Structures are given as structure tokens and as C-alpha cells.
Amino acid sequence: MPRFLLTRVLFVALLLAIGVPAMTVPAQAQEVLDPDPNTLPPSKDSHRTANGLAQTPPMGWNSWNKFACNVNETVIRATADAVAGNGMKEAGYQYIVIDDCWHGPRDANGFITADRTRFPSGIRALSDYVHAKGLKFGIYSDAGSKTCGGRPGSQGHEYQDAVQYAR
């Protein structure tokens, strides 16, 4: 549910919960109660066409909830093996995402590097491994100068980091 729609639904629920009669609910909030045109199948809405995007919600695994900063190459490889081999991939799980704490220092040119102790083969080799399993690979960064785990963030290095991640 889009954030603005959820906000309106919560607003209507709040008004009703505190005893404001339904007839005083603003017209904008009342619209939420009407059917959402974005949920209609394309065959019933002539202005909408199927484009193949988001047939299912993006599903995958993220390292943070279980491992936080205790993530490493072995954990990511084992997770990719599990997702590819235990039926999760067939159920729609596509992504293996390394969250915080994979980062090493920036090199002399300002490019982000991987923590060589935790990821001795490097991120490219790990990404290739995940892709070879038929899965997609994701990686975390932060818009600030440091990540939540205290690693280098992308602030001031946004373009460099985008180039590095594409590599």
C-alpha cells in the first residue's frame, strides 16, 4: 500500500476511533474507502497496461536481521546455496543482500573496497557466485559519511560508489 494511502487510511481509522462521526471525515480521506483503481486488472481498466513489472513483491534475504556486523563470505555463500537449493528460489525468492559491515577502507582514489578479512575473494567473486545460483545480488551502502556499523558511507562518493558497485 503506498505511503500516502496508508496515511489516509490511518487518518480515517483515527477519526473513527475517537468518535468523530463518519459524515465529518474529509472528502480526501473518504476517497480511501473507494476501490483503489491501481488494483484493477488491466482488462478492467483501459488506462492501464501490463508491463511485466512487480508480478510478485521483491523477495529475498538480507544479512542484517540474523548476522548484523558478523557477516562474511562464508555466510553469504551458504545462504545462496540454501535459497537456491531448498525451494525458496522456486517460491520467488530472488535476492541475496549483504547489509552493513562488508565495507573496507576507501582506496587511494576514494573507491570503496571490501573488508578483505571477511570477504577474501572480494565482492565481485561473491556476486558471481550468487548469480551462478540464478539469484540476484544486492549490497548496502549509506547516504551519510558512515554506515550504522561505522563503515565508510557514500556521502561525497556517490558516483564513485555507483561505478564500483556496477563493477
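How many aromatic pairs does the structure hold? It holds 2, where rings of Phe, Tyr and Trp (its six-membered ring) pair if their centres lie within 6.5 Å. This is a predicted model, in which local features need pLDDT of at least 70, side-chain atom pairs count only at pLDDT 80 or more, and totals for chains, interfaces and linings use all residues. Residues are numbered from 1 along each chain as its sequence is written, and side-chain values use heavy atoms, with hydrogens and water left out.

Select Trp102 and Tyr165. Their ring centres are 6.1 Å apart and their planes lie at 70°, so the pair is edge-to-face (planes over 60 degrees apart; under 30 is stacked and the rest tilted). Trp102 belongs to the loop between E2 and strand E3 (103-106), and Tyr165 to helix H6 (residues 158-166), 63 residues apart. Helices (H or I, at least four residues) and strands (E, at least two) are DSSP runs, numbered from the N terminus. Trp102 is buried at 2% relative accessible area, whereas Tyr165 is partly exposed at 31%; buried means under 20%, exposed over 50%, and partly exposed in between (1.4 Å probe, protein chains only).

Next, select helix H5 (residues 123-132), where Ile123, Leu126, Ser127 and Val130 are buried. Seen down the axis of H5, these buried residues fall within an arc of 100° (taken from the directions from the helix axis to the C-beta atoms), so they line one face of the helix. Arg124 and Ala132 are exposed on the other side of H5. Just after H5, display Gly134, which takes a positive phi of about 80°.
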